[in-house]
Amino acid sequence: MRWSRTLIPTLKEDPADAEVVSHKLMVRAGLMRKLASGAYTYMPLGFRALNKALQIVREEMDNAGAIEILMPAVHPAELWEKTGRLAELGDTMMHIYDRQNRHFVLGPTHEEIVTDLVSREVKSYKQLPLNLYQIQTKFRDEIRPRFGVLRTREFIMKDAYSFDVDAEGLEKSYQAMYDAYCKIMERCGLKYIVVEAESGAMGGDVSAEFMVPCSAGEDLLATCTQCDYAANMERTQPAPLPEAQAEEKPLTEKATPGARTIEQVCEFLKAKPKKLVKTIIYKAGDETIAALVRGDHEVNEAKLARLLGCEIETADAEAIEKATGAPVGFAGPVGLGIKIIADQGVLSVRNFVTGANKADTHYLNVNLGRDFKPARIADIRFAVEGDNCHKCGAALHIQRGIEIGHVFKLGTKYSKKLGADYLDENGQTHPAIMGCYGIGINRIIAAAIEMSHDDKGIIWPAGIAPYQVEVIPLNLDMPEIIELADKVYAELDDAGLEVLMDDRDERPGVKFNDADLIGLPVRVVVGKKAMAQGGVEMKLRGEPGPQLISPENVIEEVKKRLES
RNA sequence: CGGGGUGUGGCGCAGUUUGGUAGCGCGCUUGAAUGGGGUUCAAGAGGUCGGAGGUUCGAAUCCUCUCACCCCGACCA
């Protein structure tokens, strides 16, 4: 492709509305433009990169035995009612109504649709296992789209759904997808970490996320510095903290006027947050309960909900006052008449500070066991930097990451509700055992750029670069240069390489800077300097210094470099 | 949805405090010079100052409402 014939509008300055590098560079390098918050047009270069990633995903899915289909983006709302997810995910779905006011949603994911299909078409164990996948645009009414293409309202996803006769089959299907995902990440040039994850609204209890570690990521993940433990922070289990051994001091009431938050109390008492224990009141089903964590920790509501076996939400001011008899900010476990769940970390402090269930008052020297007895002591907090691995005891490292893919073992949640049953050899009916496997194509591009760029621009991993080679003719006033550049371009093209030639009548500096910006892996410069020595220059993006090569060897040399 | 911020030519911004009819850089067009890391000179094109209403002789500027976008939070496969 010739630059002059396509559309690559590069920008010298960062767009004002971009925060993260990938967003800035995708706009500056002319990959995409924003239409509205969370909705982007992919221009030629961006679309090519997207297609590269997509093709890799498709090939690996096919290799893993998954079968491609295409489902609609428009779904009747009824189908979502059947599984209860219309209520559960309703606000994250885009709702549309047809002219007869029938209710439809734009698909945020396709478990319902594919399961409905399979329930109709698959009747026998002989048809299983089956793994159906599609590559399609998903719609989610995100509360806050952000970070360019990392969180959008419309995005391309590859989603696969496996159906098996038993747990053993599911394990195989799951493993095949897991392995395929590893290959995809590698082929896309992404460094990645696989972490244990929270299944959330998908259901099921085993899931793993494929994360690309980088500062722009929205997720926090913990990895063990010694063993192979890695988990999303939502799921990370810290090693239990050692129990405190200090001598118990007498319980004391202390006036703390106006000090409600941990910061305020610490300031007032000149104490460290870890010497405090905070009491958070939750509505758990019909019950109101109190969760206790150390002042420097945070309650992990997913863990708490799982422990209690029901959905929870933080209580409102009214409920808190009713439960504690005190205004918000002074709740404490001593004398509290509701069920108390204490985090294990609370055991690591003695003589701590808590609210006194009385306005403007805290207790000093509170001790678990002596002053109150929790119904349960469990892990209900988020891990923090400084925590240790619960498997091997070594330090945990916490970092940010971009979630590229997520694989789930779903079990029978959907197949039961939607009647995806099969008959076994004995004519017995069973629900199919399902797994689902998603990967965000757009995020592959953004993550690759986050991971691989410098102050000049993008440095594409070869696997997903929009073109493999950029040919830059300089000194366009010399016909022999144009002739040689055309020849090199044609030969590379004929050799099956993807070539972009910057044929614009621009100054060298402009072309070099744009070449660095768009970041294609190999750059071939045809100019009078090299020509005087009978050659052309070749350089890898991200590596210094071009080297002179003979025009006859261009194809061979380019190929060699692309493979390295 | 709560808090904060920003909307001025294609892009990035100044001007708003103190009202007087719009400016800078980049980009774009034409011409000339230049020609290996965003070159220079000259001449141009291009703006309902996000939108609506109001105050005023006069509004980018003041007031009211509204829309969009960004950030933090809540929320979220």
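**Figure 1. Strands E15 and E17 pair in the parallel sense over four bridges.** Strands are counted as paired if DSSP finds at least two bridges between them; helices (H or I, at least four residues) and strands (E, at least two) are DSSP runs numbered from the N terminus. Ala291 stands opposite Ile341 in E17. Strand E17 spans residues 339-343, and four of its five residues are buried. Buried denotes under 20% relative accessible area, exposed over 50% and partly exposed in between, with a 1.4 Å probe and protein chains only. This is a predicted model, in which local features need pLDDT of at least 70 and side-chain atom pairs count only at pLDDT 80 or more, while totals for chains, interfaces and linings use all residues. Residues are numbered from 1 along each chain as its sequence is written, chains are lettered from A and ligands numbered from 1 in the order in which they are written, and side-chain values use heavy atoms, with hydrogens and water left out.

**Figure 2. An open sheet of five strands has the order E16-E14-E15-E17-E20, with mixed pairing.** The edges are formed by strand E16 (312-314) and strand E20 (376-378); each has a single partner strand, so one side of each is left without a neighbour in the sheet. Direction ignored, neighbouring strands of this sheet are turned by 35° against each other on average. Axes here are lines fitted to C-alpha atoms, for helices over the stretch in contact, and angles run from 0 to 180 degrees between N-to-C directions. Strand E14 (residues 277-284) and strand E15 (residues 287-294) run antiparallel and are joined by eight bridges. Tyr282 has Ile289 as its bridge partner in E15. E17 and E20 run parallel and are joined by three bridges; in E20, Ala378 is the bridge partner of Asp343.

**Figure 3. Strands E13, E19 and E18 form, in that order, an open antiparallel sheet.** Strand E13 (252-255) and strand E18 (352-355) are the edge strands, each with a single partner strand, so one side of each is left without a neighbour in the sheet. From one strand to the next, the twist averages 30°. E13 runs antiparallel to strand E19 (residues 361-366), and four bridges join them. Within this pair, Glu253 stands opposite Tyr363 in E19. Helix H7 (residues 262-269) lies across E13, E18 and E19 and runs at about 100° to E13.

**Figure 4. The largest nonpolar core contains 63 residues.** A nonpolar core is a set of buried Ala, Val, Leu, Ile, Met, Phe, Trp, Tyr and Cys residues joined through side-chain atoms within 4.5 Å. Met26, Met61, Ile444, Ile445, Trp460 and Ile464 touch the most other members of the 63-residue core. Domain 1 (44-71 + 108-236 + 398-449) and domain 3 (458-563) both give residues to this core, so it lies between them. Ile464 touches Ala49, Lys52, Ala53, Ile56, Cys188, Ile444, Ile445 and Ala448, not counting residues up to four places away in sequence. A second, separate core of 25 residues includes Leu86, Tyr161, Phe408 and Met434. In soluble globular proteins, nonpolar side chains tend to be buried together.

**Figure 5. Arg561 lies in helix H15 (residues 554-563).** Arg561 counts as buried because its relative accessibility is 13%. Its side chain is joined to that of Gln547 by a polar contact of 2.7 Å. A polar contact is a pair of N or O atoms within 3.5 Å; within protein, one must be able to donate a hydrogen and the other to accept it, and residues adjacent in sequence count only if both atoms are side-chain atoms. Leaving aside neighbours within four places in sequence, Arg561 is in contact (heavy atoms within 4.5 Å) with Val522, Met538, Leu540 and Gln547.

**Figure 6. Helix H5 (residues 111-121) is largely enclosed by the rest of the structure, because eight of its 11 residues are buried.** The buried residues of H5 are Glu111, Glu112, Ile113, Val114, Thr115, Asp116, Val118 and Ser119.

**Figure 7. Five residues of domain 1 are in contact with four residues of domain 2.** Domain 2 comprises residues 252-378 of chain A; domain bounds come from an automatic or database domain assignment. The C-alpha centres of domain 1 and domain 2 lie 39 Å apart.
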